Every structure is written in structure tokens, then in C-alpha cells.
Amino acid sequence: MIRKLRGAAALLSMLVAGGAAAQSFPDRPIRLIVPYAAGGITDQVARQLTDIAAKKLGQPIVVDNRPGVNGTMGATQLVGQPADGYLLSMAPIGVFRVPHMQKTRFDPRKDFTYISMIAGYSSAVGVNADSPYKTLKDLVNAAKAPGANISYGTSGTYSSHHLAMVMLGKNTGAQWTHVPFKGDSEAITSMLGHNTQVTTVANSMVPFVQTNKIRILATFGEKRSADYPDAPTAKELGFPVVQASPFGIIAPVGVPQPVVQKLDEAFKSALDDPKFKAFASQVGLNINYRNSADYTAYAKRAFEEERETMAVAGAAAKD
């Protein structure tokens with residue numbers, strides 16, 4: 001009996017302490033891992049978002065760039081860390097995709113607390129303004145010709161951008177060489193320097209389209225992108241390839257609900273801020289907010305959907 005009472009007292013003490021910690025949250029800086037290189041569109045989004053959210057939280061949010069492994073470095077870093085809300089990561093679609101390709105330290109179904117879904121990108125195929133390819137059909141036909149030597153850059157192997165081109169190639173018989181980079185900015189720089197002929201990334205090409213340095217041949221969304229309204233979708237052109245790339249913010253599993261709520265409210269407030277909306281419009285970001293509960297439900301679906309996508313793409317999948 002005494003042992004049971006002591007156990008109950010210890011549990012009550014932990015709950016009280018946890019509640020007090022949640023009530024005072026945050027009382028020190030928060031770190032947000034951005035799993036892409038500095039300077040890219042996702043990095044810019046993170047810095048704009050955290051700058052506004054930090055003001056609501058009353059503590060700075062420090063951006064920590066950790067590029068590589070198809071955007072899953074942040075997810076890997078969260079495993080086994082304290083679930084106190086002071087360590088967060090942006091989570092791209094790769095968090096649900098990579099576990100179907102290789103062994104990972106994390107399982108997205110059980111290792112994370114899903115804070116907020118933020119926004120999404122739709123992949124776009126871009127070429128230099130002086131490129132001989134005027135349409136997606138031109139590019140596909142050139143890549144089907146004997147001796148074709150066309151290379152395209154993306155933000156990483158098995159990113160949505162890479163899979164879109166893989167599936168387009170499978171659908172048409174086109175052959176091209178994939179060159180993965182650590183982020184959108186590197187892929188774009190390579191093409192602008194004529195080291196690669198094509199770039200397939202997301203909204204990062206908007207400024208270069210506006211200055212007539214890049215021409216968009218097509219996008220891979222269900223419908224035309226507001227970023228590139230004059231560019232048809234691949235689907236419109238008769239190529240049944242659709243790829244989306246949403247991302248959100250996650251934390252280690254077990255973050256107390258009051259802390260989750262504070263973080264979620266701060267990021268939602270940032271998304272609603274006129275300054276952020278103006279920025280999103282400028283860079284072509286598609287805001288797609290979901291609260292913690294809806295994001296958690298989405299994560300479960302996304303994991304299974306990505307299993308199917310990888311199977312269709314012919315990638316090695318694992319149970």
C-alpha cells in the first residue's frame with residue numbers, strides 16, 4: 001500500500017511539474033531545424049515564419065539549417081530528444097517517403113508530435129530562357145531521341161520533384177539524368193550556369209521567371225499553379241503525372257498538449273499575418289494550414305500514400 005501511495009504521489013508530482021512547465025512555456029529560445037540549405041525558398045519561409053511566431057511566443061526561434069537526406073535530417077535529429085517544445089523541425093514530404101526506401105532512425109507514425117501543417121509547393125519544370133525547349137513536349141521528345149544527353153537538377157533524390165520526373169519518364173519513354181542538389185537554390189544556379197539543362201523544383205524559380213531568365217514548361221499539380229499561371233499542368237498536356245509537396249512543423253513525440261497548442265497558435269497567427277501573406281504571395285508559396293489534430297491525421301494517410309507512390313515509381317520499398 002505504501003509503495004502504491006508513493007508511486008501515485010510521484011506520478012502526481014510529475015504531472016504538476018509538467019503542467020507548470022507547460023504553463024510557463026516558452027521561457028528560453030526555441031530551435032527550429034530547417035532540413036535544407038540556407039538561402040532556398042524553404043529556408044526563407046522558415047525565417048519569415050519564425051520571426052513573426054517568435055513575437056507571439058515572447059522568445060526567439062533560432063533557425064538551424066541541416067540539409068541532406070531528402071529533407072529528413074531534422075526528423076532524424078528529433079528522435080530521442082526531450083519532448084518539451086524547445087526543439088522543432090520542418091517536415092517535408094520526404095519524412096513520409098524515405099522510410100519506404102531505406103532504414104531510418106524514425107517512424108513518422110509514432111516518433112513525432114505534429115504541431116502545424118504550414119504550406120505546400122507544386123513542382124515545376126523550368127529551363128533557361130535561351131533553351132531550345134519551348135514546351136514540355138519539346139523536352140520529352142528531345143529526351144527520347146537517340147544519344148540524348150539531358151540532365152535535370154532537383155533538391156534531392158526521391159524528392160517530389162525527382163519522382164515527378166521519374167514518373168514522366170516512365171510514362172513517355174524519355175531518358176534523362178538526375179542531378180540531386182542540397183536545395184532549390186543550388187539546382188537553379190547549376191542550370192543558370194548551363195551545367196544542367198533543366199530544373200525541377202517548386203516556387204523558387206518565381207523571381208527568375210519574373211526577370212525572364214527562366215521559362216516554365218509545366219507544373220505537376222492537379223490544377224495550374226498561382227505561381228506560374230501561364231504554365232499548363234503536365235496533366236493538361238496529356239501526361240498523367242501529379243506530385244504535391246506539403247510541409248509542416250514537428251517535434252519529438254510526447255510534447256504536452258498545452259505546449260502544442262501554444263506553438264500551433266503561434267504558427268497559425270504567423271500564417272495569418274499580413275506581412276507573411278505578402279511574402280507568401282511574392283515567392284509563390286501555397287499556404288495550406290492544418291492544426292495539430294488534422295496534421296496528425298494527415299501524417300497517417302501520407303505515410304500509406306507514399307508507400308503506394310514509391311511502388312508506382314519503381315523504387316525499392318520496405319514494410
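These are my notebook entries on a predicted model.

**Entry: the nonpolar cores**

I looked up the largest nonpolar core first. It has 39 residues, and Leu 263, Phe 267, Phe 276 and Leu 285 have the most contacts inside it. I then listed the elements that give it two or more residues; among them are strand E1 (30–34), helix H2 (41–57), helix H9 (257–272) and helix H10 (274–283). H2 gives the most, with eight residues.

I picked out Phe 276 next. Leaving aside residues up to four places away in sequence, Phe 276 touches Val 45, Gln 48, Leu 49, Ile 52, Ala 270, Leu 271, Leu 285 and Ile 287. I also found a second, separate core of 27 residues, which includes Val 98, Ala 174, Val 241 and Ala 313.

**Entry: Glu 306**

Is Glu 306 buried or exposed? I found Glu 306 in helix H11 (residues 292–312). Its relative accessibility is 8%, so Glu 306 counts as buried. Its side chain makes a polar contact with the side chain of Arg 97, at 2.6 Å. Beyond four places in sequence, Glu 306 touches Ile 93, Phe 96, Arg 97 and His 100.

**Entry: the five-stranded sheet**

I traced an open sheet with the order E7-E6-E8-E5-E9 and mixed pairing. Strand E7 (177–180) and strand E9 (214–219) are the edge strands. Neighbouring strands are turned by 30° against each other on average, direction ignored.

I checked one pair. Strand E5 (residues 124–128) and E9 run antiparallel over five bridges. Val 127 has Arg 215 in E9 as its bridge partner.

I then looked at the helices. H6 (residues 160–172) lies across E5, E6, E7 and E8, at about 150° to E6. H7 (residues 184–192) packs on the sheet and touches E5, E6, E8 and E9.

Key. Residues numbered from 1 in each chain as written. Predicted model: local features only at pLDDT ≥ 70, side-chain atom pairs only at ≥ 80, totals over all residues. Heavy atoms only, no water. Core = buried A, V, L, I, M, F, W, Y, C linked by side-chain atoms within 4.5 Å. Buried < 20%, exposed > 50% of the residue type's maximum accessible area, 1.4 Å probe, protein only. Helix = DSSP H or I, 4+ residues; strand = E, 2+ residues; numbered from the N terminus. Contact = heavy atoms within 4.5 Å. Polar contact = N/O pair within 3.5 Å; in protein donor to acceptor, adjacent residues only side chain to side chain. Pairing = 2+ DSSP bridges. Axes fitted to C-alpha atoms, helices over the stretch in contact; angles between N-to-C directions.
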